[in-house]
Amino acid sequence: MKRLLSLVVAALVGGAVLTASPATAAPGPALSRESAHLGAALSRESAASGTGSGFWHAAGSQLFDATGAPVRMTGVNWFGAETGNYAPHGLWSRNYKDMLDQMAGLGYNTLRLPYSNQLFDSGSKPVSIDQVQNPDLQGLTGLQVLDKIVAYAGVKGMRVLLDRHRPDSGAQSPLWYTGAYPESRWISDWTMLAQHYKGNPTVIGADLHNEPHAVQGGGGACWGCGDTATDWRLAAERAGNAVLAANPDWLIVVEGVDCVSGTGDPECGWWGGNLSGAKQFPVRLSKPDKLVYSAHEYATSVFAQKWFSDPAFPANLPALWDHFFGYLHKQNIAPVLLGEFGSTLADPRDKVWLQELMKYSGTGTSGMSFTYWSWNPNSGDTGGILNDDWTTVNQTKQAILQPYLIPPSGSGGGTTDPPPPASCAVTYHVDNTWQGGFVATVTVKNTGSSALKNWTLGWTVPSGTQITGGWGATVTQTGQQASAKAPSWAPDLAGGASVSIGIQANGPSTGTPGGFAVGATACTT
């Protein structure tokens, strides 16, 4: 989750390396069935979308479903199960199905779901899950909570990529093991999960270890150095082949490291983001068509990497990305997943960076897969797709990502049909005014046929308006984003039913609020 630039260049590199970033080369030898796959892909590229059917595999740089249709992950990270909560964050505020409904409704077809090995210890109990909002999660183990999320993600047609984010719930680790959680435990937990979800096509694979990296002063993870205690590439082969022996259907996702000597300038980048060593030292799996490489990439507001201050910015970015990971895609070597990338957009360069990265990833099912960091608003250095109210959407970020999202479709392993589409209508009326304040009523009508369960209405208040109280719902405001959460005594709004919410506010009454939405569903006004 943390992405600081490694400071171990001097420890890893004896002198300056003047080799230029690798140029795009002609594709290497194809897999035996690749030509047939790619020929079929060309004929149905425009029609294929979403998550497809059955389990996934790779041919060259393209992912395919079980029918041979091209597919692409365009997803999001929902973190928390790797922390001391032992469950995804935000469940203290909302129902987990409501969260997944919103993700799918916005167009995210894949959920990257972090966990720690400590989650599976007998003493690790999920906490901070509101029992009114999530009654069916009460008393469950961490794995059982994940099971519930996986099951409903499948109903929505989404896919799930499990991410071993940390050995314990406390912090990142540069290596894939620690004294308390040795390599044997790392592999045994992965094989347990592979067997646990075997036959369930919602879960498509294993992101083996999050952000392996070197440490200041020497040590940590390397790529291709040959030391079994530190060579991440060799460890990924050991774990990946063990997982495939337990579940041959899964994709094996292998992240980069931060520093790789001898591959050109720059030698160091983001934790997990440098795959330049895979050209000379590729990952070798028992099933080569299950390999996916993954890189992490962040903006200058996370860390001021030197390329952000280059006078050529942003024109310098494509060559940089080619060097770190893009060559694998461009040279048709293997699929690439941008497993984490995100920003608060606090620096003006951040928005430029994000726009350029999405353009670089490509459109349609032939582009690089990605899972944005993060869904959660409580990622300190990036923020999230959700605003701090855990309900309304950061429209600036969503607008940049939206053209590249491929909504979930296909079976996805779900066992029931998704509920009918939600719809709603809102009326707003100022009831009383005085100098410096007013009282108004917001009326929400469920214009659909199915109940809106555990609903929360979000909207944007006019500039200068500050809500000071509310009734009929739990009303809060952060910045210009307001929300009204269903009361605990009436959490659902039946089809055709209406509910009125009173608000008291300081500021002028003449402004017009807008952007009313229940979850991901915009309401008419």
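**View 1. Strand β16 pairs with strand β20 in the antiparallel sense.** Two strands count as paired if DSSP finds at least two bridges between them. Strands (E, at least two residues) and helices (H or I, at least four) are DSSP runs, numbered from the N terminus. Q466 faces N506 in β20. The model is predicted: local features need pLDDT of at least 70, side-chain atom pairs count only at pLDDT 80 or more, and totals for chains, interfaces and linings use all residues. Residues are numbered from 1 along each chain as its sequence is written, and side-chain values use heavy atoms, with hydrogens and water left out.

**View 2. Strand β13 is joined to strand β20.** The two run antiparallel, with 9 bridges between residues 437-446 and residues 498-506. V444 has V499 of β20 as its bridge partner.

**View 3. Eight strands close a barrel.** The 8 strands run β4-β5-β6-β7-β8-β9-β10-β11, with parallel pairing. Twist from one strand to the next averages 30°, with angles taken from 0 to 180 degrees between N-to-C directions of axes, which are lines fitted to C-alpha atoms, for helices over the stretch in contact. β4 (residues 74-77) and β5 (residues 110-116) share 2 bridges. V76 stands opposite L111 in β5.

**View 4. Helix α3 packs against helix α4.** Residues 96-106 form α3 and residues 142-155 form α4. Their axes lie 10 Å apart, at an angle of about 40°. The helices are therefore oblique to each other (under 35 degrees is roughly parallel, over 145 roughly antiparallel, 65 to 115 roughly perpendicular, the rest oblique). Y96, K97, L100 and D101 in α3 meet K148, I149, Y152 and A153 in α4 (contact: heavy atoms within 4.5 Å).
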